[in-house]
Amino acid sequence: MTDYGCRPGQLDSCIMEDVEAYLELHIEQGKVLEDHGTSIGVVSGIAGLVRYMVEIRGESGHAGATPMKARKDPVPVMCRWIDRVTELASQRESCVATVGSIAAYPGARNVICERVVFSLDLRSIYEEDLREIVDRMERYGAELSSLCGVEISLRPDLALPPCRCHEPLREDIKHICRSEGYSFMELMSGAGHDCMNFKDVCPAAMIFVPSRGGLSHRREEFTSREDCARGARVLLGLLLEAAGVSDLID
């Protein structure tokens, strides 16, 4: 940063203290709005996130010569671990668990794995969900270790707290939708957004518009011009209300 001409020692001087509110219009990146036939999403909050790398160590051996009862195979243990964390997340509203990366070692077809390493991405609007699920999975890991003769470890990679959107701003969004005749619903954002970085700076709120097929971060991502216009009109209404103008300007 210094080589580029920046002055990191003066970072504190960049803190914004006079921001009235943070408002963000975004595509949903999912298909909740589309499935409900709804035009506008009033974001109740942005999910908190914890990420872990999970490692299960067992014992390598020949795939044909090692009896099933004599194995310390980490792969079946991993399957049980993933099944349990998926079940725990499914039992909670607005909570999701994802294992998106799995690596097995040594990775040969005729060799029982020595160890597996996989990721866990856990998100919820409720911070207590994140703590409780991680605690329960650590206890479950200890049970599996004792039962199956393996070692299970969790290494934290990232932790971001949930962000609740400002309730008065959410009510303003609903009021504007009613005035404009737009259908709307409240929903959480499972994806992270810039909005969450402003939660301790000023009131913050988000408006979602539908994503066709729920597709995002790929070239098929699409939101219609009409949906974009409705979202922009709601955002305009929020700005005008903040400025003390009661009616929308065409």
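Start by selecting Lys199 and Asp200: their side chains meet in a salt bridge, 3.2 Å from N to O. The term salt bridge here means a side-chain nitrogen of Lys or Arg within 4 Å of a carboxyl oxygen of Asp or Glu. Lys199 counts as partly exposed because its relative accessibility is 33%, and Asp200, at 67%, counts as exposed. The cut-offs are under 20% relative accessible area for buried, over 50% for exposed, and partly exposed in between, with a 1.4 Å probe and protein chains only.

A word on what is on your screen: this is a predicted model, in which local features need pLDDT of at least 70, side-chain atom pairs count only at pLDDT 80 or more, and totals for chains, interfaces and linings use all residues. Residues are numbered from 1 along each chain as its sequence is written, and side-chain values use heavy atoms, leaving out hydrogens and water.

Next, pick Arg92, Asp129, Glu132 and Arg136, which salt bridges with shared partners join into one network. The whole structure holds 16 salt bridges.

Now go to Glu55 and Arg115, whose closest N and O atoms are 3.3 Å apart in another salt bridge. Glu55 sits in strand β3 (residues 48-57) and Arg115 in strand β8 (residues 115-124), so this pair ties together parts that are 60 residues apart in sequence. Helices (H or I, at least four residues) and strands (E, at least two) are DSSP runs, numbered from the N terminus. Arg115 is partly exposed, at 23% relative accessibility.

Then try Asp121 with Arg123: their salt bridge has its closest N and O atoms 2.7 Å apart. Are these two buried or exposed? Both Asp121 and Arg123 are buried.

**Helix α4**

Colour Leu169, Arg170, Ile173, Lys174, Ile176 and Cys177, the buried residues in α4. They cover an arc of only 160 degrees around the axis, which puts them on the same side of α4; the arc is taken from the directions from the helix axis to the C-beta atoms. An α-helix has 3.6 residues a turn, so residues three or four places apart point the same way.

Show β1 (22-27), β2 (40-46), β11 (184-189), β12 (204-209) and α5 (225-242), which are included in what covers the buried residues of α4. Contact means heavy atoms within 4.5 Å. On the face turned away from the buried side, look for the exposed residues Glu167, Arg178 and Ser179.
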